[in-house]
Amino acid sequence: MKQTTNSILMIRPVAFRMNEQTAVNNYYQKVIDGLLPATVNAKAQQEFDDFVVKLRAVGVNVTVVNDTLNPDTPDSIFPNNWVSFHENGDAAMYPMFAENRRAERREEILDQLEEEGFKIENIVDYTSAEEDGYFLEGTGSLLLDRANHKAYCALSPRADEELFIEFCEDFDYAPVIFEAFQTVDGERKLIYHTNVMMCLGETFAVICSECIDDKKERKMVIDNLKEDGKEVILITEAQVNNFAGNMLEVRGADDKRYLIMSAAAHQSLTSKQIEQLEKHATILSSSLDTIEACGGGSARCMMAEIFLPLA
């Protein structure tokens, strides 16, 4: 199985704003004072459009679906939390923590992918777990090493252990389970999504190991990465706060590998880290300041990778 794809799905926002329902455990979200909601959305749309232009310019196949005003989905710009696409033609649908994010799961988005020539054979639906208060937010919660059949998951209110194990059994992944923390007002609190502190590339992994407070768990995670031959590139918690963990490796024209991240993430990296990363892929960054501040997510969250077969 391939670890990277040339095709991604992105949702263009129409009413993007800070989602009050997700702010309870996403400590990366901030209120931007003095900006009207319409201004916040306009800025987010501009950042989104510029980002898509950059991706397409290097040959990434981007399917853009426009969000709708009704229902109200302020976080629709982050589709990777509700759906993942797999080489066998499966699409997985995930249970979401915030009630207003559940409306992001729209059938017509899957229909549009099929119109573009992708084949969805089967939908694996975990969404009923919401009714019992259990959540697993797609490739925000789980990081898939597709080539080595391992899935990494930092448990949190949005990543239930039993549900994660069920996913691993259904999709034939070996589970790697741990807890990751960040310091919020002097307290250690669980990080809401695995993909803010870790990124898996084909031949490398970016990880903030200092977020994994339990030394045994930290060693176990690093050992798993190293035994699969990945170069482990460590980042700091300060860099995680600049979304340096929230990166995604994709393929552009001529199968060239690109590591996609925000401008803030790129600027937070040291020259040594940049050198380490550029041995594996070309860095491509774009300014996502408004999206990061209000949404508490970054470049990786905005891209749902499409591994589906072509019809």
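With which side chain does the side chain of Arg300 make a polar contact at 2.5 Å? In this predicted model, the partner is the side chain of Glu305.

Arg300 sits in the loop that runs between helix 9 (289–295) and strand 17 (304–305). Its relative accessibility is 6%, so Arg300 counts as buried, the cut-off being under 20%. A polar atom of the Arg300 side chain also lies 2.7 Å from the backbone oxygen of Met303. Leaving aside residues up to four places away in sequence, Arg300 touches Asn80, Thr139, Asn195, Asn246, Met247, Leu248 and Glu305.

**Aromatic pairs**

The structure contains 6 aromatic pairs. Two of them are set out below.

| Pair | Distance between ring centres | Angle between planes | Class |
|---|---|---|---|
| Tyr94 and Tyr126 | 6.1 Å | 20° | stacked |
| Tyr126 and Phe167 | 6.3 Å | 55° | tilted |

The pair of Tyr94 and Tyr126 links distant parts of the chain, 32 residues apart. Tyr94 belongs to the loop between strand 4 (90–93) and helix 2 (107–115), and Tyr126 to the loop between strand 5 (122–125) and helix 3 (138–141). Both of these tyrosines are buried.

Phe167 is buried, as is Tyr126.

Tyr94, Tyr126 and Phe167 belong to one aromatic cluster, which also includes Phe171 and Tyr173.

Key
Residues are numbered from 1 along each chain as its sequence is written. This is a predicted model: local features need pLDDT of at least 70, side-chain atom pairs count only at pLDDT 80 or more; totals for chains, interfaces and linings use all residues. Side-chain values use heavy atoms; hydrogens and water are left out. Helices (H or I, at least four residues) and strands (E, at least two) are DSSP runs, numbered from the N terminus. Buried means under 20% relative accessible area, exposed over 50%, partly exposed in between (1.4 Å probe, protein chains only). A polar contact is a pair of N or O atoms within 3.5 Å; within protein, one must be able to donate a hydrogen and the other to accept it, and residues adjacent in sequence count only if both atoms are side-chain atoms. Contact means heavy atoms within 4.5 Å. Rings of Phe, Tyr and Trp (its six-membered ring) pair if their centres lie within 6.5 Å; planes under 30 degrees apart count as stacked, over 60 as edge-to-face and the rest as tilted.
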